[in-house]
Protein chains: 2
Amino acid sequence: MATTELSTFLGRWLPRVESAMREHLQTEEQAVAQHYGMMRYHMGWADENLTPQNYPAGKRLRPMLCLLACAAKGGDPAAALPAAAAIELLHNFSLIHDDIEDGDETRRHRPTAWKVWGIPQTINAGDAMFATAYAAMQRLARRGISAPMTLDALQRFTATCLALTEGQHLDMSFEERNDVAVTEYLRMIRGKTAALIGASVAIGALLGGASPEEQDAAEQFGIASGMAFQIQDDILGIWGDPAITGKAAGNDLLRRKKSLPILHTINHEVVGIELMTLLHRDFGVEELPAALTLLERAGARAYAEEQVRYYHRQSSDALLTAFGPQAKESMIWALAESLLYRQS
Amino acid sequence: MATTELSTFLGRWLPRVESAMREHLQTEEQAVAQHYGMMRYHMGWADENLTPQNYPAGKRLRPMLCLLACAAKGGDPAAALPAAAAIELLHNFSLIHDDIEDGDETRRHRPTAWKVWGIPQTINAGDAMFATAYAAMQRLARRGISAPMTLDALQRFTATCLALTEGQHLDMSFEERNDVAVTEYLRMIRGKTAALIGASVAIGALLGGASPEEQDAAEQFGIASGMAFQIQDDILGIWGDPAITGKAAGNDLLRRKKSLPILHTINHEVVGIELMTLLHRDFGVEELPAALTLLERAGARAYAEEQVRYYHRQSSDALLTAFGPQAKESMIWALAESLLYRQS
């Protein structure tokens, strides 16, 4: 079964990804110990005094997709390890800066880095993490990957860095607007969430020996999975079971988050203005049932679920092009499916 | 004469560096036009409404050193153009973030990007500029540079990115300290200022066909020049002619800047405490003569000038190792000398 096989794979490779990342976040030089310590703090490897700790970390989904894609193309995951580490370092660089940009004060139940060390030092520590991501990528040659192949991987990596900033730019600019269209939202999550998942799979496939066409299909699989995953997250943000998600019912409404179901309703020609008016008032828990009724009338949930199915079909088609007819039995598909059908 | 030859070279290659950079800061996609526009604004190519303009730009010293180093090793500067553009883009990424980190509200007589678009969007635009620097580097292959050589250049580039963040980390941490030693200060400017100048020369030499030893010597030349240049700047920041520097006499004292002459005096066993006490009070123009007397008693100017001579000798030695016995007649030396002996 792909799921037990997947657990074994994750158990074997997760620690190796962690060590590959750790190599880049250490320094022998006392003068800059805090600079590197800040990065380790963000990763969950140190507390505020930079004493080593092991706080619960992220799922490391992206590096795992990279290694699985490499393996699915018949490559040795060990060869892709530097890229897997680089992708997760890049993801974490973007989290460090996003936390500043969004003013988020906690992450994984700990103060964000900027809350501990202030904004100036934390912008700079994020920049350093960005640079270590490239340092990691450039180690591919040490794993026997040829120079031209390493450059191909770097090409995809850099395009993704730019896509990430484009997505974040759009996300921030939406906060100041009341007229965000659903297509604009989809463009935003493509950059902010889906692009890096796409790159993880594409770079893994590339390093496993995939043809350029297969790499593109692998990227499409990752992008479509990322889109489905984000929209599923948007659904849970409103209709998810609080006992499972750990968030209040209607949480995204209370936060006035411009998620897909909310944007769909705001743009609805009949109930749009009603929801907008409601959200602009002093919106609280008492107004929640009224808002949920408006979403219902706009068919927001059905619409979002249809979008999830659409991207899920896209991802499934691209998967077969990238990884062949047996790919539905692969660990990579099992991992993607487990993310989509999670409840929290 | 190397200086007229240099003017011809700059006149020929500066516009080409500008176009190479411009290629990366454009987009066809309307949705993210502002994101790329912010970067063009910082470069002096657009105003706040993103209307094309040509404001006075920086000296583009680093990309010129890169092209000159390539030419000095017998290479075609055109081959190094992507690296030259990348180096200047990287320099400007660091300026965008430094302006936020230091709270600087103007640069070249215009509001800094964060003053126009706010901190969150500007952090993100800086990140995009960082990514475009890599995109530029990766174009070396299109200029006929081999994949292994491109990776060697990227290796130096990434190490320099990290060095920049280390320097900036130290610079910011010094602001909160009263016990900064001169050696710590030298370590800081090595990262913040000298490292990228070193990389500019080393990468240019590499692309021109220099051996690894010559590349290292080229880097040492650039680093030592950068150190001399920064310390010379520190001297001008206190004793420079206001009519030429455009800054008040004793400007760095008034700003309580921890520059080399000031740190030397603060650490002086006789007058150190006196200067510290003076600077901690409500320090203004009236206190300036007293402070200058203390710097004089500590021999601060003579010390700083001796340091400039020391790094200048180092740079001269490394130059000959990197570029051969005729290198003192080269344009690269002429450019380095012109920077050191400037008055503003």
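**Figure 1. Helix α15 of chain A, end to end.** The expected span of a helix is 1.5 Å times one less than its number of residues. With that in mind, meet α15 of chain A in this predicted model: the helix covers residues 300–323, 24 residues in total, and runs 34 Å from its first C-alpha to its last, close to the expected 34 Å. Several of its residues are buried, among them A300(A), A304(A), Q307(A), V308(A), Y311(A) and H312(A). Further along, S315(A), A318(A), L319(A), A322(A) and F323(A) are buried too. The cover over these buried residues includes α3, α8, α9, α12, α14 and α16 of chain A.

**Figure 2. Chain A as a whole.** Stepping back for a moment, chain A holds 16 helices and two strands. Its radius of gyration is 21 Å, close to the 20 Å that the globule rule gives for 344 residues, so chain A is as compact as a globular protein of that length. Along the principal axes, its C-alpha atoms fill a box of roughly 60 × 55 × 35 Å. Buried residues make up 51% of the 344 in this chain. Look also at how the chain meets itself: of the contacts between residues at least 6 apart in sequence, 69% join residues at least 24 apart.

**Figure 3. Two helices side by side in chain A.** Two packed helices are described by the angle between their axes and the distance between the axes. Here α3 (residues 61–72) and α16 (residues 331–340) of chain A pack at about 155°, with 9 Å between their axes. Angles over 145 degrees count as roughly antiparallel, so that is how α3(A) lies relative to α16(A). On the α3(A) side, the contact is made by L61(A), M64(A), L65(A), L68(A), A69(A) and A72(A). From α16(A) come M331(A), I332(A), L335(A) and L339(A). By class, the residues of this contact are ten nonpolar, no polar and no charged.

**Figure 4. Helix α3 of chain B, under cover.** In chain B, α3 (residues 61–72) has twelve residues and reaches 16 Å from first C-alpha to last, close to the 16 Å expected. Twelve of its twelve residues are buried, including R62(B), P63(B), C66(B) and C70(B). Its buried residues pack against α1, α4, α8, α9, α15 and α16 of chain B. The helix is followed by G74(B), whose phi is positive, near 90°.

**Figure 5. Where chain B touches chain A.** Each side has its part in this contact: 35 residues come from chain B and 35 from chain A. On the chain B side, the elements giving two or more residues are α4 (77–102), α6 (119–137), α7 (147–175) and α8 (182–207). The largest share of that side, 15 residues, belongs to α7(B). Sorted by class, the chain B side has 19 nonpolar, eleven polar and five charged residues.

**Figure 6. Two loop residues with positive phi.** Most residues other than glycine have a negative phi. L50(A), however, has a positive phi near 70°, and its place is the loop between α2 and α3 of chain A. This leucine counts as partly exposed, having 15 C-beta neighbours inside 10 Å. In chain B, H109(B) has a positive phi near 65° and sits in the loop between β1 (106–107) and β2 (110–111). With 7 other C-beta atoms within 10 Å, H109(B) is exposed.

Definitions and conventions
Residues numbered from 1 in each chain as written. Chains lettered and ligands numbered in written order. Predicted model: local features only at pLDDT ≥ 70, side-chain atom pairs only at ≥ 80, totals over all residues. Helix = DSSP H or I, 4+ residues; strand = E, 2+ residues; numbered from the N terminus. Rg over C-alpha atoms; globule rule 2.2 N^0.38 Å. Buried ≥ 20, exposed ≤ 12 C-beta atoms within 10 Å, placed from the backbone. Contact = placed C-beta atoms within 7 Å. Axes fitted to C-alpha atoms, helices over the stretch in contact; angles between N-to-C directions. Parallel < 35°, antiparallel > 145°, perpendicular 65-115°, else oblique. Nonpolar A, V, L, I, M, F, W, Y, C, P; charged D, E, K, R; others polar.
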